[in-house]
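User: Hi! I am new to reading protein models. Could you take me through one, feature by feature?

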Amino acid sequence: MHVTGVVLAAGQGRRMGLSVAKQFLDICGKPMIYYSLKAFESSKVDEIILVTGREQLDYCKKLVCDYMLSKVSKVIEGGIERFDSVYNALCSIKSSDYVLIHDGARPFITVEKINEIIAAVDEYKACIICTPVKDTIKIADESGYVANTPSRRILWAAQTPQAFDYNLIREAYERFYEEDRYAGEITDDAMICEIYSNSKVKILEGDYNNIKVTTPEDLLLAEKLAGLYYERNLI
């Protein structure tokens, strides 16, 4: 069984309001993207493809060498949208059984959780990690009034990595690009699988610490979590 990890680091991070892309911001002395790469390096993943922006290609190649990340087989250029970056990575894979797709802005994914989803994808062919929603969620109508309040029992917040049989997700992406009906609505890879394949996506429980760093407030939390993880020798 060959497993490929795809780590995405091509986003601009405009909501951070900084000139530096968020995935390269410093967290406890190391760039944010390092933590995801290190977790994948230490997991049962066989190879890692790092996807980044054109301007960061040389920087990322140097980072891979500096931190001796031997499982990183390729550093490739991403696309305009997130799904374009994922597709670029899928097309660069010559042969693999399964692929795990992860956002580099989630630095606190653990080796244990990566290995758990690897074991699960061999059984389910498509699975994602999610956390139960804590807040009460309101669905609004077009006028801004509450239209519905769904039960929290059925609501989950999706995280990454998301794992798929390679041929399954590659074919789903091919269909997506052929039809291109939902391009403006696609926010994760599971949606591609849900719409463009006949496979159901299995939910595995994730970790609330597996945060996505999107705003300056998230960065403050990330620094506190990194300090805690260092104390526990988790990173």
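Analyst: Happy to. Let's begin with charge: Lys and Arg count as positive and Asp and Glu as negative, while His and the chain ends are not counted. Each charge is placed at NZ of Lys, CZ of Arg, CG of Asp or CD of Glu. In the protein chain there are 28 positive and 35 negative side chains, and the centres of the two sets are 3 Å apart. This is a predicted model, where local features need pLDDT of at least 70, side-chain atom pairs count only at pLDDT 80 or more, and totals for chains, interfaces and linings use all residues. Residues are numbered from 1 along each chain as its sequence is written, and side-chain values use heavy atoms, with hydrogens and water left out.

User: How many helices and strands does the protein chain have?

Analyst: Helices (H or I, at least four residues) and strands (E, at least two) are DSSP runs, numbered from the N terminus. Here there are seven helices and 11 strands.

User: What is the radius of gyration of the protein chain?

Analyst: That value is taken over C-alpha atoms, and the globule rule is 2.2 Å times the number of residues to the power 0.38. For 235 residues, the rule puts a compact globule near 18 Å, and the protein chain agrees because its own value is 18 Å.

User: Which residues of helix α6 are buried?

Analyst: Buried means under 20% relative accessible area, exposed over 50%, and partly exposed in between (1.4 Å probe, protein chains only). In α6 (residues 189-196), the buried ones are D189, A190, I192, C193 and Y196. They sit on the same side of α6 because their arc around the axis is only 160°; that arc is taken from the directions from the helix axis to the C-beta atoms. Their cover includes α3 (82-92), β6 (98-103) and α5 (166-179).

User: Is S92 buried or exposed?

Analyst: S92, in helix α3, is buried, with a relative accessible area of 18%. Contact means heavy atoms within 4.5 Å. Leaving aside neighbours within four places in sequence, S92 is in contact with I49, K74 and I76.

User: Where is M68, and what is its phi?

Analyst: M68 is in the loop between α2 (57-66) and β5 (72-77). Its phi is near 50°, positive in a residue other than glycine. M68 is exposed, at 69% relative accessible area. K125, also not a glycine, has a positive phi of about 75°, and at 33% relative accessibility K125 counts as partly exposed.

User: Which residues does the cis peptide bond join?

Analyst: T160 and P161, with omega about 10°. P161 belongs to strand β10.
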